[in-house]
Amino acid sequence: MNKLGQTPSQTVGPYFAYGLTPEQYKFDHKSLATPVLLDANKNTQDLIILRGKVYDLHGEAVDDAMIEIWQVDQKGEFQTKPHQGFFSIGRMGTGTIEGNWFEFTTCIPAAEKPGQAPTIHMIVFMRGLLSHVYTRVYFEDFKEFNQEDPYLKLVSEERKTTLIAKKVQDSPVTIYEFNLHMQGEKETVFFDY
Amino acid sequence: MDTTQNQRDWTSHPPLIAPGYKSTIFRGPSQNLITVPELMKPSSGPIFGLESVAPLDHDLTKNGIKNGEPLGERIVVSGRVLNQHGQPLKNTLIEVWQANAAGRYVHKRDQHDAPLDPNFFGAGRCVTNEEGIFKFYTIKPGAYPWGNHPNAWRPNHIHFSVFGPNIGTRLVTQMYFPGDPLLDYDPIYLAVPEKARERLISTFDLSLTEEGFALGYQFDIVLRGHHSTPFENE
């Protein structure tokens, strides 16, 4: 049987907010996924903030990108039942925090498989991007795991740093920063799954 | 479980940099994507959002009502979500958003000088049934100008965001309408390789059309990859 052709991708455009991230942008419509994956009322010990900006070729921080993250919990499982303390999918647009940040409240996931380092999957959608792109967020304090990670091994040494989130604050809450550079010298590594 | 994945078919998808669509020039990655070996492709993912779909989420003709009916031509849009082997994908979440009949988005940043409709919000969601079929009601969106080039107008379209069995099947796209003269001038649509373009155009369907209520348009969506065989979930 001939395989059916894939439906082509098109850009998310500049006006996604009321459809995909309505609560964040103060629209009267329920969000299915929010910037908060870990419920701070149930777990403060493992809470981290993952934040960053999306830079275009000119070094401008983009104010209309939508970042979607997917990650397993600390036991290595995807959780998508609401109100369980952890939710595996997060979304945030870069248009509501001054400076054009995305900022997720989450935890460092377990490794998905033995031999892999903890990673958060990140998908970038925005005006000017006709097909979404995938990247992977690793954490700088998991150096030994990162060295063995099979996905990082696919990447040249000089570009690996684009995939490592830096710890910029330890307390009262741990903050990791992961900036995306769509083009230029520091262009982020994107994967073709 | 059969985890055979199909690669994103770049002969069907638009390139990351398409100069006719100006902002791709400084927002689309310029370096090659890193190819991931077949066995390392993510094959599992969350089943997402099913419990969160509210009763009126699939009816955009009703979910924004404040004091009357929304203006414009009512339409019903239905289709199937399939994998490339033609198997239906059930329990697949679809989110849609669009401009109103006058070509104006609710989004605060849309400054196009066309009226907002107090009774039309323009966003909704639905989930495919056992046969992979989805259906939602809405108002036919209007065309609107944008700043990409002189006298640039977007053809009528509805934005779709679709999940699927895993992160690789994620898709964001736009559905267009048959016979729209603006398609020939739209760099976003024209960025799609020619052989794949018509997959984005819905077809008018009299059998979907509801007498005295709404015109029917059919739009099937094909996600890449191979779904796990049905009996594994049962």
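The model is a predicted one, in which local features need pLDDT of at least 70 and side-chain atom pairs count only at pLDDT 80 or more, while totals for chains, interfaces and linings use all residues. Residues are numbered from 1 along each chain as its sequence is written, and chains are lettered from A and ligands numbered from 1 in the order in which they are written.

**Entry: A:F27**

I looked up A:F27 and counted it as partly exposed, because it has 18 C-beta neighbours inside 10 Å. I placed A:F27 in the loop between α1 (17–20) and β1 (48–52) of chain A; helices (H or I, at least four residues) and strands (E, at least two) are DSSP runs, numbered from the N terminus. Neighbours within four places in sequence aside, A:F27 is in contact with A:A17, A:Y18 and A:P22. I also noted that the C-alpha atoms of A:F27 and A:P109, which are 82 residues apart along the chain, are separated by 31 Å.

**Entry: chain A as a whole**

I listed three helices and 11 strands in chain A, and from the N terminus on these elements run α-β-β-β-β-β-β-β-α-α-β-β-β-β. The radius of gyration of chain A is 17 Å, close to the 16 Å that the globule rule gives for 193 residues, so chain A is as compact as a globular protein of that length. That radius is taken over C-alpha atoms, and the globule rule is 2.2 Å times the number of residues to the power 0.38. The C-alpha trace of chain A spans about 45 × 40 × 40 Å along its principal axes. Buried residues make up 49% of the 193 residues in chain A, and of the contacts in this chain between residues at least 6 apart in sequence, 67% join residues at least 24 apart.

**Entry: the largest core**

Which residues have the most contacts inside the largest nonpolar core? They are A:V124 and A:F125, in a core of 101 residues; such a core is a set of buried Ala, Val, Leu, Ile, Met, Phe, Trp, Tyr and Cys residues joined through C-beta atoms within 7 Å. Strand β6 (residues 120–126) of chain A gives the largest share of this core, six residues.

**Entry: chain B and its strand β2**

I counted three helices and 12 strands in chain B. Its C-alpha trace spans about 50 × 45 × 30 Å along the principal axes of chain B, and buried residues make up 44% of its 234 residues.

Strand β2 (residues 74–83) of chain B has seven of its 10 residues buried, so it is largely enclosed by the rest of the structure. Two strands pair if DSSP finds at least two bridges between them. Seven bridges join β2(B) to strand β5 (residues 133–139) of chain B in the antiparallel sense, and there B:G79 stands opposite B:F134. With strand β11 (residues 215–218) of chain B, β2(B) pairs in the parallel sense over four bridges, where B:V77 stands opposite B:Y217. With β12(B), the pairing of β2(B) is parallel over three bridges, and B:V81 stands opposite B:I221.

I then looked at B:Q87, which lies in the loop between β2 and β3 of chain B. B:Q87 is partly exposed, with 14 other C-beta atoms within 10 Å.

**Entry: where the chains meet**

Key. A residue is buried if 20 or more other C-beta atoms lie within 10 Å of its own, exposed if 12 or fewer, and partly exposed in between; C-beta atoms are placed from the backbone. Two residues are in contact if their C-beta atoms, placed from the backbone, lie within 7 Å.
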